[in-house]
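The sequence and the structure are shown first.

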Amino acid sequence: MKRAHQQHRHQPFDSILAALSVDLLIQILERVDDPGDRKAWRLVCRDFLRAEALHRRGLRVLRLEALPGLLRRYAACLDLLDLSACPGLGDHALATALFAGAGSWLLKSVSLSRASGVGWRGLAALAAACPRLESVDLSHCVGVGDREAAALAAAEGLRMLRLDKCLRVTDVGLAKLAVGCPALENLSIKWCLEISDIGIELLAKKCRDLRVLDISYLKITNSSVKSISSLGKLEVLSMVGCSNIDDEGLQFLDNGSNSLRSIDVSRCDNVTASGLTSVIEGHMCLQKLNVGDCFPELAPLFLSKLNGLKDSLTVLILDGFQVSASSLKIIGVNCKNLSEIGLSKCKWVTDEGISELAAGCVNLMSIDLTCCRMLTDKALMAIGEHNKKLVCLRLESCSLITDKGLEYIGTGCPKLEEIDLTDCPITDTAMKYLSRCWELMILKLGLCDKISSEGLVHIASNCQNLCELDLYRCIEVTDDGLAAIATGCSKLQKLNLCYCIQITDRGMKHLSCLEDLRDLELRGLHHVTSLGVTSIAIGCRRLTELDLKRCNLVDNVGLCALAQYTGNLRQINISYCPVSSMGLCKLLGTLKCLQDVKLVHLTHVPVERLELALRAYGGQLKKLKLFIGLRDLLSPWLIQMLHARRCRIRWVDKPLVFSP
């Protein structure tokens, strides 16, 4: 009788669903933007789940055991697959998962960033299973070398490839890719230190369609620049830190056939104003120019040449230069279309110069004034008056600005989304002014020791979109401030509370309602106990990074709670915490997603128990920090095993100092 009643009760609902076609359900789903709502959608019924599967184009996998099932479900519709956060991924797991959707793959983009367990066999399986593959990200896969490059070269339709910090790739591997993937348009080989002029020359001959190229920090010479200059379609070139390239090399670009839109030669020690002038003369359509930390002072000739870019230049980065007021006035006159300017750590930047710049470049959306220590509220008044479109403002260590300056920003820049006020002498009054910027998403207040809970109440009252908040060493902040933030800023994803010494377990209880919190730093909070950590673990299930260093009251109970509830945790620091071997074994034995672990000076964990915990860990550690005194105490077999699994061990030589 009860079953019949249930069937009758659900019958009208089922009949409504039956009237909705899959196409109509997909159209409805396209209007659901919130990820949480989309997740709830697919849990309604099988028809909704099937519609979501047909509509989905991208997938980010966090757990290795879920990979085969997810790929079977979505194989027929996926364009993008992100496996960068999938711990323990290796050749066998990747090949097996790809086999699950054999014959139906439409994949165009795959991210394997930091997937250190993937080698040539896995990449060969990827190239064979995905004939439409166009984009692959292998950045920070330090074990990837020439053999892996050769396997990937079978994907002849490849258009975008990232190999940043693939330290074993040489000219041989680059040659394989150049020959096998001639359609490449976007290539990043930053920090691939074994690549030389020979590899770049062959790349330029074979991949004629290259539009974006990043060769930062390579030990190449002007010969490579000469080869690159022949790429007629090249638009974006990054050569950060290429210390062997000088003005002669840049002159090749002047005479080249390419139509560069963006060039980055920051930290190229041997480049001077003369070389940059030749680049500007040869490319009058430049949109982005980064010359930070190249030479000490802006030459008049270089500044005058900027007039030729007045209609095109939108981004100009001059970090580390000596920039006078007259120079900024010339930039304001010659570059009126600028949307971003970087003046980080520039000397001689004054209120007069910023006033001239702000008045001339009214379309500025991003201004970086980090460590421009001569600036006062007059500069902020000019910015607030002229730069109404401002989205990002960085003022770290601008020690002469006050609350009054922030009033100009709060009033004049209503579209502000990011502001960095680290180490600025401001008070809660400044927060009252900034609360007018209701679109604010990132707020950095580290070392602002006059900011209290009252200031956070102002921010929480109107900045509902806040997703990142840095309160490093804001010693006046209390639990009441966290209560306001937790209530008013429910979208918060990243929070730094290091050394906010008044915070207690009550503050952790308030934060536990932040369901989207992913990165939480609690270093040095001596009043937070395992009870507070347990509240965080239960409430913040999406947490991926947690810093508990020097939390002297967090013990095994806190670690057990983390092991039970925070299955997505990828990075944790429990250095100096009074945890025992039981808590450590529970943590490492349960959390299979952990990739970065810091275990310095765990005085309650014997060496043999530490070794046992590390041996038993079933995930794929990528980084491990230990006290250097353990190097000779841990068995060579364990260290070899960790290295074989491509785990990088950082040995720290720090004395054991107990905090008060």
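Helix α17 (residues 377-386) and helix α18 (residues 403-412) have axes that come within 8 Å and cross at roughly 5°. Because angles under 35 degrees count as roughly parallel, α17 is roughly parallel to α18. On the α17 side the contact involves Asp 377, Leu 380, Met 381, Ile 383 and Gly 384, and on the α18 side Lys 404, Gly 405, Leu 406, Tyr 408, Ile 409 and Gly 412; contact means heavy atoms within 4.5 Å. By class, six of these residues are nonpolar, three polar and two charged.

The model is predicted: local features need pLDDT of at least 70 and side-chain atom pairs pLDDT 80 or more, while totals for chains, interfaces and linings use all residues. Residues are numbered from 1 along each chain as its sequence is written, and side-chain values use heavy atoms, without hydrogens and water.

| Pair | Angle | Axes apart |
|---|---|---|
| α23 (residues 530-539) and α24 (residues 556-565) | about 5° | 8 Å |
| α26 (residues 607-616) and α27 (residues 636-644) | about 30° | 11 Å |

The angle makes α23 roughly parallel to α24. Ser 530, Val 533, Thr 534, Ala 537 and Ile 538 of α23 meet Val 557, Gly 558, Ala 561, Leu 562 and Tyr 565 of α24. This contact has seven nonpolar, three polar and no charged residues.

Likewise, the angle of the other pair makes α26 roughly parallel to α27. Their contact is formed by Glu 611, Leu 614 and Arg 615 of α26 with Trp 637, Leu 638 and Met 641 of α27. Four of the residues are nonpolar, none polar and two charged.

Note on methods. Axes fitted to C-alpha atoms, helices over the stretch in contact; angles between N-to-C directions. Helix = DSSP H or I, 4+ residues; strand = E, 2+ residues; numbered from the N terminus. Parallel < 35°, antiparallel > 145°, perpendicular 65-115°, else oblique. Nonpolar A, V, L, I, M, F, W, Y, C, P; charged D, E, K, R; others polar.
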